Amino acid sequence: MEDDITEEDIEIFKHNETVEAAAISLSQEGGEGLHVPRIDMQFETNEEAHAFYNNYALIVGFSTIKSGTYSSREKGATGEVTRRIYKCNRRGNLSHEDVGKKNQHESGVQISSDIKKRKVLHMNNDEAEPIPAARKRRCKVIDKTNCQAGMTITKKNGVWTVTRLNLEHNHNLLAPALAKLLRSHRFFTEQEKAMIRSFIDVNVPNRKILAFLSFLRGGMKNTNLVKTDISNYRTRVMRECGENDISQVVKFLKQKQAEDPMFFFTFDTGEDSKVRNIFWAYGTSRICYEHYGDVISFDTTYETNIYNLKFAPFVGINGHGDNLLLAGAILSDETIPTFRWLFSTFLSCMGVKHQNLSLQIKMQR
């Protein structure tokens, strides 16, 4: 659908005496409502259908979820998703003592003529059982009311058609100013995502990121974001960085080696082929070792970053009493095999004067 929600549409609902009255009047418009879903309404893609239903939810005052899918069993199209279900996020079993009063029939349900011919609707609900958390966490629980409001779309001849519809809710609806804070209506644009990533790189706090994005959107009154959205996106970005960190480290070290032929680096991997320890030394450091490598101070700094790794520098002193970083390493632990690998790698890297090497090892925990 090409029609978008306009400010005029929002103002119409603001002038209704109650939000419930607004929802009823919008639902009663039937086929005449520009933003009201109806049976046999068609969409080119399922994304377009979901966006339309979510826009309707914003006007009326509820949040939507993707509830289930149905895959075709016909020859030539096996496995292709041909039906999708969108529902109110208050669907599900009742949260209070009204469990015994569940609806015995779905009032307000509209079904297309094609669906009425079928006695059974085979659906594959892709909502898995929740995974138990390792520890108790504070969370915001949605109060379920067994709301039956929802929309089902079916793919027919390449076009998605509304085949089942229920516009009635059994709970209070929200005004647009509050509905925009519901989960399905909160979002980041691609430009905002890029800005958030830049802020995360320089460690800007979540509250300041939220304040900046709210300012761009016209102030806190006009934004539909909350601090939790920033926190969740930060977690996602940090997880992505964690998965790509080792490849970025390898790329950086290879770049340094291309710039400096004497640059040396190597990795120590475990039985699972995962990198456990990293060692490196610059060309100038290797040259300095030839002149000032008689006495070396070795110290492990314990867990100085978010990955709980140890930084292990090899430090020497030049003729002027200045410290020289001869080599460095990142260690996963402080066990004997790890130190044996580290010292042998250091001697292999330097290549000279190791027979007279004197190490002053200070282990700090």
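**Aromatic rings and their setting**

Reply: Phe-263 has a relative accessibility of 2%, so it counts as buried. The limit for that label is under 20% relative accessible area. The model is a predicted one, and every value here is computed from it. Phe-265, at 16% relative accessibility, therefore also falls in the buried class.

The rings of Phe-263 and Phe-265 make an aromatic pair, with 6.2 Å between the centres and 40° between the planes. Planes under 30 degrees apart would count as stacked and planes over 60 as edge-to-face, so an angle between those limits is called tilted. The Phe-263 and Phe-265 pair is accordingly described as tilted. The count for the chain comes to 20 aromatic pairs.

A second pair has another geometry. The ring centres of Phe-339 and Phe-343 are 6.0 Å apart and their planes meet at 20°, so this pair is stacked. Both residues belong to helix H10, residues 336-350, where they sit four residues apart, about one turn of the helix. Their cover can be given one by one. Phe-339 counts as buried because its relative accessibility is 11%. Phe-343 has a relative accessible area of 22%, so it is partly exposed.

Phe-339 and Phe-343 are also members of one aromatic cluster, together with Phe-264, Phe-279, Tyr-289, Phe-298, Phe-314 and Phe-346.

In soluble globular proteins, nonpolar side chains tend to be buried together.

Glu-290 is part of helix H9, residues 283-292. At 44% relative accessibility, Glu-290 is classed as partly exposed, since that label covers the range between under 20% and over 50%. Glu-290 and Gly-351 are separated by 61 residues in sequence, while their C-alpha atoms are 9.4 Å apart in space.

Helix H6, residues 190-201, shows how burial can be arranged on a helix. Its twelve residues should span 16 Å at 1.5 Å a residue, and the end C-alpha atoms are 17 Å apart, which agrees. Glu-192, Ile-196 and Ile-200 are the buried residues of H6. They cover an arc of only 80° around the axis, so they lie on the same side of H6. Glu-190, Gln-191 and Asp-201 are exposed on the other side of H6. Just after H6, Asn-203 has a positive phi of about 60°.

For the chain as a whole, the secondary structure comes to ten helices and twelve strands. Of its 365 residues, 34% count as buried. Among contacts with a separation of 6 or more, 63% are made by residues 24 or more positions apart. The chain exposes about 23,300 Å², and carbon and sulfur atoms supply 51% of that area.

Key
Residues are numbered from 1 along each chain as its sequence is written. This is a predicted model: local features need pLDDT of at least 70, side-chain atom pairs count only at pLDDT 80 or more; totals for chains, interfaces and linings use all residues. Side-chain values use heavy atoms; hydrogens and water are left out. Helices (H or I, at least four residues) and strands (E, at least two) are DSSP runs, numbered from the N terminus. The expected span of a helix is 1.5 Å times one less than its number of residues. Buried means under 20% relative accessible area, exposed over 50%, partly exposed in between (1.4 Å probe, protein chains only). The arc is that of the directions from the helix axis to the C-beta atoms. Contact means heavy atoms within 4.5 Å. Accessible areas come from the Shrake-Rupley method with a 1.4 Å probe; for residues, only the protein chains shown count as cover. Rings of Phe, Tyr and Trp (its six-membered ring) pair if their centres lie within 6.5 Å; planes under 30 degrees apart count as stacked, over 60 as edge-to-face and the rest as tilted.
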